[in-house]
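Take a look at the chain below. This short report walks through some of its sheets, rings, helices and charges.

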Amino acid sequence: MQAKKRYILVIVSCAFLAYCYFGGYRLKKNNRRVRLNTAYSSYSSLKTVNELPSYFTHNSKLEIEKVATAEQINVYRGENFNIASQLGNTNSRSCRMETCFDFTKCYEQFLVYVYPPEPLNSLGAAPPISANYQKIISAIKESRYYTADPERACLFVLGIDTLDRDSLSEDYVRNVPSRLTRLPYWNNGRNHLIFNLYSGTWPNYAEQSLGFDPGEAILAKASMSVLHMRRGFDISVPLFHKQFPLRAGATGLVQSNNFPANKRYLLAFKGKRYVHGIGSETRNSLFHLHNGQDIVLVTTCRHGKSWRELQDARCDEDNRDYDRYDYETLLLNSTFCLVPRGRRLGSFRFLEALQAGCIPVLLSNGWVLPFESKIDWKQAVIWGDERLLLQIPDMVRSIPAERIFALRQQTQVLWERYFGSIEKIVFTTFEIIRERLPDYPVRSTFIWNTSPGALLTLPTFADSSRYLPFQLDSLYMEPRHNYTAVIYVQIGAPLTTNSALYKLVRTIAKSQFVDKIIILWAADRPIPLKKRWPTTYHIPFHVISISGSIQIIKQHNANQAGSFANFVNKLGNEKDQAEPHNTAYTAETTEERPSISERFYPYPEIQTDAVLSLDEDAILNTDELDFAYTVWRDFPDRIVGYPARAHFWDDAKNAWGYTSKWTNYYSIVLTGAAFYHRYYNYLYTNWLSLLLLKTVQQSSNCEDILMNLLVSHVTRKPPIKVTQRKGYKDRETGHSPWNDPDHFIQRQSCLNTFAAVFGYMPLIRSNLRLDPVLYRDPVSNLRKKYRQIELVGS
């Protein structure tokens with residue numbers, strides 16, 4: 001009986017143990033399945049448009065359950081995907097602008113504060129900072145975004161170099177967490193912007209391994225993936241090398257868009273392959289596609305200290321093929337350039353291909369392309385898939401010539417507008433953040449993806465793109481109204497019926513297209529009485545004094561759109577009401593702003609699209625004005641005028657030269673007698689670097705050259721000269737500053753300073769001269785519209 005009881009007890013115990021073991025395992029397995037399914041659905045929602053889903057989403061739930069560790073899933077591209085981070089276990093992972101950004105700091109102005117350098121350590125050494133990060137800081141401090149007052153700042157940028165977070169790199173900055181805690185405005189990263197090019201280190205190069213917690217800071221990061229991108233918050237930026245220029249740098253390398261679109265090589269790549277570790281799969285397979293004829297895909301194993309120990313059987317043959325081709329020659333002579341991922345998702349090849357006009361073919365699954373929230377990359381690149389590598393040749397061969405032509409053109413637009421320099425990359429990042437502010441106008445996708453791009457299209461100028469000069473042609477619209485004549489008076493000679501200024505006003509008043517006449521009085525002499533001016537009949541006439549308060553008020557409100565215009569209107573209403581025909585604004589004198597640049601200020605009195613800029617001693621007749629305006633209506637985005645000048649490269653001085661001699665070409669049309677769109681006044685005042693305006697201020701010269709550089713920079717087109725007249729100045733007008741012997745030397749110096757600040761020479765040469773000989777008028781010489789031009793000087 002006792003033995004029977006013992007047997008029953010053993011059986012019950014075994015049954016209980018079996019139930020606990022198998023039941024608990026089943027429960028544990030079910031919990032594991034729930035977590036994996038959650039991660040699976042979360043990742044599936046991150047798929048981008050027009051991109052094949054990743055390996056991860058192709059796996060069935062049964063296959064996912066076979067992964068050895070539930071806490072880390074090895075994604076197809078070799079990086080560790082932390083499920084907990086995707087489930088939002090920290091507030092920073094779920095950051096949005098509405099939850100992790102303080103908009104109240106940005107309502108008045110969008111200004112950026114850069115933390116000062118850290119103090120020297122006990123050994124007297126300054127904290128390390130790389131050349132590229134120094135360029136980022138310089139770009140910010142020399143821009144209109146910068147403020148030295150943290151209380152006025154909307155955005156904060158670290159003085160700590162965070163670009164390279166590879167702990168094996170010589171640029172790696174240590175002890176970043178403790179340094180962040182010492183920042184007075186850190187506040188867990190709120191309203192901070194952190195730039196980063198490299199994260200993680202050997203062997204796995206984990207994307208989120210920065211070595212510090214960015215908290216609620218916005219990440220402007222290269223090689224960002226769809227898994228870790230906080231949409232609408234973080235910004236993907238391109239990877240650029242250490243020699244990348246601070247400012248505009250080299251323009252696109254496409255010199256001609258003539259067909260045939262296909263070049264010597266259809267598809268090309270030259271770079272490293274990784275015989276060990278992340279990034280090896282795709283590049284190790286490229287030799288299957290290389291045929292040495294129209295497809296050249298060559299790699300080398302020669303990198304790293306231990307490549308000899310890690311080399312495989314193909315290394316020697318790959319190295320020989322690699323040495324046969326010059327990289328720059330491949331870029332310039334290839335229609336498509338392969339851009340496979342390296343250790344990280346991004347690659348230097350991306351920007352290099354864009355600049356060369358070689359259409360990038362991307363092989364980097366899950367990569368968030370730079371500025372992807374604003375730039376339509378389907379217009380410039382081809383997406384491949386790492387798993388379908390062998391289909392790439394057939395894919396690029398199937399693209400028609402018209403599509404190739406369009407893709408090549410767009411690579412140049414994007415390179416020159418957003419990626420040609422560190423300055424442009426930084427400013428694009430700022431503008432993307434700025435458009436997220438509740439009250440700031442959002443530029444359309446069309447503006448972001450067409451020339452001249454969003455950086456040169458200020459949405460505060462107008463509430464519609466139809467008022468922009470470079471949109472008139474694309475929208476098949478004509479400029480509004482007629483033109484406003486703006487005469488800049490610097491000499492202030494006595495106003496008599498025989499003076500040049502008197503004659504000029506009378507000539508303008510006879511024009512059939514004039515809408516308003518504005519005199520900008522910058523002379524030391526008092527403004528003549530109303531009765532001394534010629535009668536302009538029905539044409540509104542204003543005289544504005546630009547000496548004094550108009551300078552100090554505008555300088556104080558340089559970043560406040562519209563505030564100065566309101567001040568001017570208010571001040572004008574308080575002036576002498578007995579003479580509303582003659583409006584003058586004066587106050588105390590200041591040297592904060594260059595007075596000669598006042599001629600390009602966007603005065604509220606200028607309501608027409610066209611501005612006729614004139615010097616007081618210009619000699620023009622009414623037919624010349626009307627003809628030039630007719631030409632400008634056909635080219636509303638350019639400067640159209642009479643006096644032309646040219647620039648050239650002087651090898652002896654290793655500098656740019658400036659000449660007024662008549663040559664077979666010109667590149668500058670002086671604004672002493674020229675038409676242009678009023679938007680350029682707005683850009684000149686609110687967009688140009690303060691370094692450029694300071695140069696004009698110090699020299700009291702060169703403002704017309706600067707305006708030409710600005711317009712050519714925006715349009716990538718030369719100005720247009722009309723008629724063949726040689727003289728346009730009144731030689732009897734007093735002591736003109738333009739007759740000063742140092743005037744020419746100053747202008748040549750200005751030209752070189754401007755080119756240095758722009759980072760390149762924007763001016764473009766032209767041989768075009770438009771004369772009234774049957775201009776858009778297919779009739780005989782006896783019926784020409786502008787006959788009086790031929791009588792000038794005869």
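## Salt bridges

How many salt bridges does the structure hold? The count is 28. Keep in mind that the model is predicted.

Start with E118 and R182. Their side chains meet in a salt bridge, at 3.6 Å from N to O. E118 lies in the loop between β3 (112-114) and α6 (131-141), and R182 in the loop between α7 (176-181) and β6 (192-196), so the pair ties together parts that are 64 residues apart in sequence. R182 counts as exposed, because its relative accessibility is 55% and the cut-off for exposed is over 50%.

## Buried charges

Other salt bridges involve buried residues. The side chains of K374 and E435 meet at 2.7 Å, N to O. K374 lies in the loop between β13 (359-363) and β14 (382-383), while E435 lies in the loop between α15 (422-434) and α16 (445-448), so this pair ties together parts that are 61 residues apart in sequence. Are K374 and E435 buried or exposed? Both are buried.

R599 forms a salt bridge with D615. Their closest N and O atoms are 3.0 Å apart. R599 is in the loop between α19 (563-573) and β18, and D615 is in strand β18. The two are 16 residues apart, and the pair links distant parts of the chain. Both R599 and D615 are buried. Elsewhere, salt bridges with shared partners join K374, E431, R434, E435 and R443 into one network.

## A three-stranded sheet

Now turn to an open sheet. Its three strands have the order β21-β20-β22, and the pairing is antiparallel. β21 (655-659) and β22 (668-669) stand at the edges. Each has a single partner strand, so one side of each is left without a neighbour in the sheet.

Strand β20 covers residues 644-650. Five bridges join β20 to β21. Which residue in β21 stands opposite W649? It is W656.

## Aromatic rings

The structure holds 35 aromatic pairs. One of them is Y658 with F744: the ring centres are 5.5 Å apart and the planes are at 50°, so the pair is tilted. Y658 is in strand β21, and F744 is in helix α24 (residues 741-758). They are 86 residues apart, and the pair links distant parts of the chain. At 4% relative accessibility, Y658 counts as buried. F744 counts as partly exposed, at 35%.

Y679 and Y680 give another tilted pair, with ring centres 6.3 Å apart and planes at 55°. Both of these residues are buried. There is also an aromatic cluster, formed by F350, W367, F371, W377, Y418, F419 and W448.

## Charges over rings

Some arginines lie over rings. R314 lies over the face of F287, at 3.8 Å from the ring centre. The charged end of R765 sits over the ring of Y665, 4.3 Å from its centre.

## A mostly covered helix

How many of the ten residues of helix α17 (residues 500-509) are buried? Eight are, and the helix is mostly covered. The buried residues are A500, L501, Y502, L504, V505, T507, I508 and A509.

Terms used: Residues are numbered from 1 along each chain as its sequence is written. This is a predicted model: local features need pLDDT of at least 70, side-chain atom pairs count only at pLDDT 80 or more; totals for chains, interfaces and linings use all residues. Side-chain values use heavy atoms; hydrogens and water are left out. Two strands pair if DSSP finds at least two bridges between them. Helices (H or I, at least four residues) and strands (E, at least two) are DSSP runs, numbered from the N terminus. Rings of Phe, Tyr and Trp (its six-membered ring) pair if their centres lie within 6.5 Å; planes under 30 degrees apart count as stacked, over 60 as edge-to-face and the rest as tilted. Buried means under 20% relative accessible area, exposed over 50%, partly exposed in between (1.4 Å probe, protein chains only). A charge sits over a ring if NZ of Lys or CZ of Arg is within 6 Å of the ring centre and within 35 degrees of the ring normal. A salt bridge is a side-chain nitrogen of Lys or Arg within 4 Å of a carboxyl oxygen of Asp or Glu.
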